[in-house]
Amino acid sequence: DWIDFGRLTGRTDRGVSYARTSVESPSDRRTVVRMTLDYFARIWVNGKLIKEIAKAHGGPREPLTFPVRLQKGANTILVKLHSGNMGNGFSLALRDDEKALSIPQDMRP
């Protein structure tokens with residue numbers, strides 16, 4: 001689902017927002033992140049910066065994919081989003097063996 005910080009905060013142009021959640025993994029493993037965003041972001045997993053998106057990457061609804069390593073048990077995901085011109089939102093999903101992993105709590109600003 002698209003998380004619209006513009007609607008949540010009233011800030012649609014050039015703001016910075018954060019979202020944090022936790023995901024349970026039954027084992028240590030690699031998986032794939034599928035993300036759409038408007039516009040720049042940094043993503044941390046368990047306190048380690050795993051991806052920085054700091055340049056043009058297509059439209060805000062065009063997905064980006066990149067690998068991530070999860071540890072067995074709880075994994076914290078933190079997203080820092082810097083909005084573009086008249087947009088402030090993102091979506092993020094973890095894929096494992098072509099199935100979405102469950103996230104026990106919603107992403108929150």
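Residues are numbered from 1 along each chain as its sequence is written. Local features need pLDDT of at least 70 and side-chain atom pairs count only at pLDDT 80 or more, while totals for chains, interfaces and linings use all residues, and side-chain values use heavy atoms, with hydrogens and water left out.

The chain holds 1 helix and 8 strands; these are DSSP runs numbered from the N terminus, with helices (H or I) of at least four residues and strands (E) of at least two. Read from the N terminus, the order is β-α-β-β-β-β-β-β-β.

Of the 109 residues, 40% count as buried, that is, under 20% relative accessible area, against over 50% for exposed and partly exposed in between (1.4 Å probe, protein chains only).

The largest nonpolar core has 21 residues. Such a core is a set of buried Ala, Val, Leu, Ile, Met, Phe, Trp, Tyr and Cys residues joined through side-chain atoms within 4.5 Å. Met35, Leu37, Ile43 and Phe90 touch the most other members. Strands β2 (16-25), β3 (29-45), β5 (64-70), β6 (73-83) and β7 each supply at least two residues, and β3 gives the largest share, 6 residues.

Phe90 also takes part in the 1 aromatic pair found in the whole structure. Rings of Phe, Tyr and Trp (its six-membered ring) pair if their centres lie within 6.5 Å; planes under 30 degrees apart count as stacked, over 60 as edge-to-face and the rest as tilted. The ring centres of Phe5 and Phe90 are 6.0 Å apart and their planes stand at 20°, so the pair is stacked. Because Phe5 lies in helix α1 (residues 5-9) and Phe90 in strand β7 (residues 89-96), the pair ties together parts 85 residues apart in sequence. Phe5 is buried, at a relative accessible area of 0%, and Phe90 is likewise buried, at 0%.

The mean pLDDT (the predictor's confidence in each residue, from 0 to 100) is 82, and 86% of residues reach 70 or more. Confidence is highest in strand β4 (residues 48-53), at a mean of 95, and lowest in strand β8 (residues 99-100), at 52. Over residues 102-109 the pLDDT is below 50, although this stretch has 23 contacts in the model beyond near neighbours in sequence. Where pLDDT is low, the predicted coordinates should not be read in detail.

Notes: Contact = heavy atoms within 4.5 Å.
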